[in-house]
Structures are given as structure tokens and as C-alpha cells.
Amino acid sequence: ITVADYNAENLAPDSAHLPRVVDQIVNELRRPDLVFLQEVQDNSGAANDGVVSANLTLSTLTRGIEAASAA
């Protein structure tokens, strides 16, 4: 099992730096089995609108990692 810790720098589903995060997890960290993430925002990003779920943020990141890993 490989484990990594990654600071996603306020990652939201529409973050401009999402491709960089995906690239670093896939290529620099070499697709670890388990990733501990810091600074993941909820589905509405920085908006203070009562949303607390980050399922969209995390699924967007996961799809990106899967797509980059298949290439």
C-alpha cells in the first residue's frame, strides 16, 4: 500500500488548478493507493451558502485521476 498526503489548496469542483492537482497525484505521487487531502472545499467552493457536502469536489477529482491514469 502506498500512502500520500496532499494539500489541494482550496480545491472546489470548478477550481482552475484541478488539472495540476490531478497531474501531481498521478505523475509526481505515482497514483498512491490512499491519499490524505487537505483544503478540499465543499461543492459550492468559497460561497457561504450552507452547503457542506464535498461529494462533487471529490468525485470531480476522482474522475480526473481515473482519466489521467488511463492515458
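Is V3 buried or exposed? Let's start there. V3 is exposed, because its relative accessible area is 51% and the cut-off for exposed is over 50%. Keep V3 in mind. We will come back to it.

One caution before we go on. This is a predicted model.

Now the overall layout. The protein has 2 helices and 2 strands. The elements come in the order β-α-β-α. Strand β1 covers 3-11, and helix α1 covers 18-28. Strand β2 covers 34-40. Helix α2 takes in residues 55-70.

How about overall dimensions? The C-alpha trace spans about 35 × 20 × 15 Å along its principal axes. The radius of gyration is 12 Å. A compact globule with 71 residues would have a value near 11 Å, so the protein agrees with that expectation.

Next, contacts and surface. Take contacts between residues at least 6 apart in sequence. Of these, 62% join residues at least 24 apart. The protein exposes about 4600 Å². Carbon and sulfur atoms supply 51% of that area. As for the inside, 28% of the 71 residues count as buried.

So what is in there? Which residues make up the largest nonpolar core? There are 9 in all: Y6, A8, L11, L18, V21, V22, I25, V26 and L61. Both β1 and α1 supply at least two residues each. The largest share, 5 residues, comes from α1.

Leave aside residues up to four places away in sequence. V26 then touches R31, I65, A68 and S69.

Now T60. T60 lies in helix α2. T60 is buried, because its relative accessible area is 16% and buried means under 20%. With residues up to four places away left out, T60 touches P13 and L18. You have met L18 already, as one of the core residues.

On to H17. H17 sits in the loop between β1 and α1. Buried or exposed? H17 counts as buried, at 19% relative accessibility. Which residues does H17 contact, beyond its neighbours within four places? They are A8, E9, N10 and L11. Now look from H17 to T2. The two are 15 residues apart in sequence. C-alpha to C-alpha, they are 24 Å apart in space.

E9 is in strand β1. E9 is partly exposed, with a relative accessible area of 42%. What does the side chain of E9 do? It meets the side chain of R20 in a salt bridge, at 3.2 Å from N to O. The pair links distant parts of the chain, with E9 in strand β1 and R20 in helix α1, 11 residues apart. Why can such a pair form? Side chains of opposite charge can pair when their charged atoms come close. R20 counts as partly exposed too, at 37% relative accessibility. The salt bridge count comes to 1.

Now the backbone. Most residues other than glycine have a negative phi. E9 has a positive value, near 50°. R30 also has a positive phi, about 60°, although R30 is not a glycine. Where is R30? In the loop between α1 and β2. R30 is exposed, with a relative accessible area of 69%.

One more loop residue: V52. V52 is found in the loop between β2 and α2. V52 counts as exposed, at 74% relative accessibility. How far is V52 from L18? Their C-alpha atoms are separated by 20 Å, and the two residues are 34 apart along the chain.

Back to V3, as promised. V3 is found in strand β1. V3 also belongs to a nonpolar patch on the surface. Its members are I1, V3, L34 and F36. Together they have about 460 Å² of accessible area.

Let me wrap up. Then find the E9 and R20 salt bridge. Finish at the surface, on the patch of I1, V3, L34 and F36. Thank you.

Conventions
Residues are numbered from 1 along each chain as its sequence is written. This is a predicted model: local features need pLDDT of at least 70, side-chain atom pairs count only at pLDDT 80 or more; totals for chains, interfaces and linings use all residues. Side-chain values use heavy atoms; hydrogens and water are left out. Helices (H or I, at least four residues) and strands (E, at least two) are DSSP runs, numbered from the N terminus. Buried means under 20% relative accessible area, exposed over 50%, partly exposed in between (1.4 Å probe, protein chains only). Contact means heavy atoms within 4.5 Å. A nonpolar core is a set of buried Ala, Val, Leu, Ile, Met, Phe, Trp, Tyr and Cys residues joined through side-chain atoms within 4.5 Å. Patches are made of residues with over 30% relative accessible area and no salt bridge: like charges are joined within 9 Å, nonpolar side chains (Val, Leu, Ile, Met, Phe, Trp, Tyr) within 5 Å. Accessible areas come from the Shrake-Rupley method with a 1.4 Å probe; for residues, only the protein chains shown count as cover. A salt bridge is a side-chain nitrogen of Lys or Arg within 4 Å of a carboxyl oxygen of Asp or Glu. The radius of gyration is taken over C-alpha atoms; the globule rule is 2.2 Å times the number of residues to the power 0.38.
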